[in-house]
Amino acid sequence: MRVGILGSGLMGGKLGTILARAGHEVVFSYARSEQKLRKLAREARGMAQPGTPREAAQEADAVLLAVHWSRIDDVLRETGDMSGKVIVTCSLPMNEDNTELVVAHTSSGAEELAKRVPKARVVSAFSTVPSEVLFGVFEARRKATRPGLVYCGDDSSSKRIAVELIRDVGFDPVDAGPLRIARYIEPFALLVGQLAYEGKGGPELAYRFERFAK
């Protein structure tokens, strides 16, 4: 698939790199400098290239949204018309200092995004995973037992695209249901992230919830 990456931070950079190495055509976009985008594309190898947000979304089978919530409106302006596009969002609706969710309980970042781009097809995924674990999961993706990754959305064809991306990163996709489920997933995702970074075990702590479940 052609995957446009909106956001060149840890999540966008690492997911874009993994998807390029999995064989997808990836366009990195939205960085402080074009030099950073060129570096990401060069290190990702495969069919990766730098571009503008508009170029990343153009002809894309899926657009991965991985920018801070405070930059959502800006990146959408640069992207232009997103009608009909599959947007896989991993952006939690965080405040400026990343201490709490600015949208929670009655709505979610994914639902608010769907309102801002009403003709797009939004799927929420990847936000529960600290970016440091992504390469380890990708390298072990052929193992019989793989960590699960929750996703949700209202459009079945868009969710099928998200499933393929989730599997290529190395997770077993777990369908949590419609997009409104994101309002329950996002607070949990924030908790997982806090435990992962504050705990002695580092980001791998995020997977202990799975082991408890089993």
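Helices and strands here are DSSP runs, numbered from the N terminus. With that convention, Y30 is found in the loop between β2, residues 25-29, and α2. The model I am presenting this morning is a predicted one.

Let me stay with Y30 for a moment. Its phi is positive, about 65°, although Y30 is not a glycine. As a rule, most residues other than glycine have a negative phi. Is Y30 buried or exposed? Its relative accessible area is 14%, and because buried means under 20%, Y30 counts as buried.

R45 also deserves mention. Phi of R45 is near 65°, again a positive value in a residue other than glycine. R45 lies in the loop between α2 and β3, the strand of residues 47-50.

I turn next to helix α2 itself and its partner. Helix α1 covers residues 10-21 and helix α2 residues 34-44; their axes come within 9 Å and cross at roughly 35°. The crossing of α1 past α2 is right-handed. Which residues make the contact? On α1 they are G13, T17, A20 and R21, and on α2 they are L40, E43 and A44.

Now to strand β5, residues 86-89, where V88 lies. At a relative accessibility of 1%, V88 counts as buried. What surrounds V88, once its neighbours within four places in sequence are left aside? V88 is in contact with V63, L64, L65, V123, A125, F126, A162 and L165. A further pairing concerns K159: V88 and K159 are 71 residues apart in sequence, while their C-alpha atoms are 9.0 Å apart in space.

Finally, the chain as a whole. The chain has nine helices and eight strands. Its radius of gyration is 16 Å, close to the 17 Å that the globule rule gives for 214 residues, so the chain is as compact as a globular protein of that length. The C-alpha trace spans about 45 × 35 × 35 Å along its principal axes. Of the 214 residues, 52% are buried. Among contacts in the chain with a separation of 6 or more, 70% are accounted for by residues 24 or more positions apart. As for the surface, the chain exposes about 10500 Å², of which carbon and sulfur atoms supply 49%.

How values were computed: Residues are numbered from 1 along each chain as its sequence is written. This is a predicted model: local features need pLDDT of at least 70, side-chain atom pairs count only at pLDDT 80 or more; totals for chains, interfaces and linings use all residues. Side-chain values use heavy atoms; hydrogens and water are left out. Helices (H or I, at least four residues) and strands (E, at least two) are DSSP runs, numbered from the N terminus. Buried means under 20% relative accessible area, exposed over 50%, partly exposed in between (1.4 Å probe, protein chains only). Contact means heavy atoms within 4.5 Å. Axes are lines fitted to C-alpha atoms, for helices over the stretch in contact, and angles run from 0 to 180 degrees between N-to-C directions. A crossing is left-handed if the near helix is turned anticlockwise from the far one by less than a right angle, and right-handed if clockwise. The radius of gyration is taken over C-alpha atoms; the globule rule is 2.2 Å times the number of residues to the power 0.38. Accessible areas come from the Shrake-Rupley method with a 1.4 Å probe; for residues, only the protein chains shown count as cover.
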